[in-house]
Amino acid sequence: LEALRLGFRTIAMEYNPVAYLILKATVEFPAKYADSGLFEETLREAKDMIGWAREHLAKFYSKNDGYIFARGIRCPFCKGVIPANGLGTVITKSERFSGRFLKITIDKQARAFTVDTCDEEPEGAWKFITVRKKGGVFTRCPYCGQEFKYRGRVETEAGLHPFSLWFTEHYTVLARLIEGLEGLDGLPPDIAEKALELHIPLVKQVGSTFLPIYGDEKEEKLFLSAVEALGRRALDLQPYLPMDEIPEESKWGSTARALGAVKWYALYNPRQLLVLSELSRYVAQRAEKLASSGGEFGAAVALYLAFSLSKLADYNTIATKWQGSAFKTGIGNTMRGESTIDFRNEYCEGNVVIMDLPWNLEPDVAETAAFTRTQGGILPVLRFLTEQFKGSGLGDRISVYLADATELSAVLEPGSVDV
C-alpha cells in the first residue's frame with residue numbers, strides 16, 4: 001500500500017486465497033476504481049443489503065442488540081435441565097448499564113428455574129459453578145444436589161458427559177433439519193422441544209439495559225420460527241451452508257470434532273445458520289449480477305459485501321464469548337487467537353438486522369466521513385482508501401497475483417522486473 005501511494009510500480013503475491021482477496025480489496029481495487037465510483041457503488045449496495053435484511057430477516061428477532069444463551073444440560077441423576085453458563089451473577093461490571101446482574105432462582109421441587117435481572121448484586125442467586133478434579137471438570141445439580149462430571153477428556157461410565165452430549169444433540173438437531181430435511185413440511189415437535197432445551201435464552205441487551213427473557217413466549221416463538229424456516233428452506237439453502245466436514249488435521253477445529261460437532265455448520269445455532277445462509281445467498285446472487293454487468297468492477301463491489309458476512313460469521317457462533325469487564329461490554333468474536341476453538345459455557349448471538357450488519361458495514365459513518373467514529377466497519381475503510389487514490393492515476397501500477405512466490409518465472413515475464 002505504501003509503495004503504491006509513493007507511485008512505485010507495485011507487485012504483490014499471496015498464496016492464501018483469502019489473503020489474496022483482502023490484498024486486492026485493500027490496494028488494487030481502490031487504486032483502479034477510485035475515480036470510477038467504487039466507494040459510492042459499494043455504499044449503495046450495502047444500504048440495499050441492510051434494507052433487504054430488515055425486510056426479510058427482522059421477523060426472527062425482537063427489538064434488541066443481542067442475546068446471551070446458556071447451554072441446557074440435564075442432570076444425569078434427576079434429569080432436571082440446568083442452564084450451564086459462566087456469567088455467575090455479573091453480566092457486566094460497567095456501571096452505566098441497568099439490569100447488569102443476573103439472578104437465577106432454583107425451584108428444587110419443580111426442578112425448574114426462573115431468570116431475572118437487577119441493578120444490585122442479588123443475594124442467594126444460584127450460580128453454575130464447575131470444579132476441576134482428577135478426571136475432568138465437575139459440577140453439582142441444583143435440584144437433587146448430586147455431583148457429576150460435567151466435561152472432560154474421557155467419557156463417564158454412563159456415556160457422554162453432559163457438555164459433550166450437548167454438542168452431539170445440537171449437531172443431531174441441525175443434521176435432521178439440513179440433511180434429513182425433516183422440517184420441509186413443518187417443524188417436528190421433538191425438534192422444537194429439543195431446540196428450546198439446548199439453547200436457553202437468559203437475557204437480551206437493549207441499548208444500555210439487560211432484560212430477562214427465559215420463558216418469554218414471544219422470544220421462544222421467534223427462535224422457533226427461525227428453526228422452522230431453516231428446515232423448510234434447507235434444500236434451497238444447502239449451496240450456501242457450510243456443509244463440509246471439519247478436517248481431522250484442523251487443530252483449531254479439533255475441539256468441535258471431539259465434542260461431536262463433525263461439520264462446520266454445527267458451529268452455529270439454527271437462527272444464526274438461517275440468517276448467515278440467507279445473506280450468503282443474497283450476496284452470491286448480487287455478485288453474479290454485478291459481475292455480469294460491471295465485470296471486475298462489479299465483482300469488487302460484491303467482494304466488500306462478502307467481507308461483511310465473514311465478520312458476521314465470526315461474531316455469531318456457539319463459541320462467541322460474552323465480554324462483561326469494566327472496559328468492554330458486548331459480544332466477542334470466535335477467531336480470537338486461540339490454537340483451538342474455545343467454547344465457553346454460555347454463548348452470544350447478535351441481532352444481525354439491528355446491530356451486526358450496520359456495525360460491520362457502517363454506512364452512516366462512511367457517508368459522513370466521520371472516520372474517528374468508526375469501530376472498524378468496512379465502508380469507512382474503503383472510503384479512506386479510495387480518497388487516497390482519487391486523481392492519482394496509479395491504477396495501472398499495481399498487480400496482485402494469487403501465486404507461489406517461489407515460482408516467479410511462472411507469473412512474471414523474463415526480464416520484466418529488476419530486483
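Glu-197 is buried, with a relative accessibility of 11% (buried: under 20% relative accessible area; exposed: over 50%; partly exposed: in between; 1.4 Å probe, protein chains only). The model is predicted, local features needing pLDDT of at least 70 and side-chain atom pairs pLDDT 80 or more, while totals for chains, interfaces and linings use all residues. Residues are numbered from 1 along each chain as its sequence is written, and side-chain values use heavy atoms, without hydrogens and water.

Glu-197 forms a salt bridge with Lys-194, at 3.3 Å from N to O (salt bridge: a side-chain nitrogen of Lys or Arg within 4 Å of a carboxyl oxygen of Asp or Glu). Both residues lie in helix 5, 3 residues apart, about one turn of the helix (helices are DSSP runs of H or I, at least four residues, and strands runs of E, at least two, numbered from the N terminus). Lys-194 is partly exposed, at 22% relative accessible area. Helix 5 spans residues 189-198, and its buried residues are Ile-191, Ala-192, Ala-195, Glu-197 and Leu-198. Among the elements covering these buried residues are helix 4 (162-178), strand 9 (199-206) and helix 6 (217-237).

The whole structure contains 25 salt bridges. In one of them, Arg-44 pairs with Glu-41, with the closest N and O atoms 2.6 Å apart. These two residues are 3 residues apart in helix 3 (residues 38-56), and therefore separated by about one helical turn. Arg-44 is partly exposed, at 47% relative accessibility.

A further salt bridge joins Arg-271 and Glu-349 (2.9 Å, N to O). This pair links distant parts of the chain, with Arg-271 in helix 8 (residues 270-314) and Glu-349 in strand 13 (residues 346-350), 78 residues apart. Both Arg-271 and Glu-349 are buried.

Terms used
Contact = heavy atoms within 4.5 Å.
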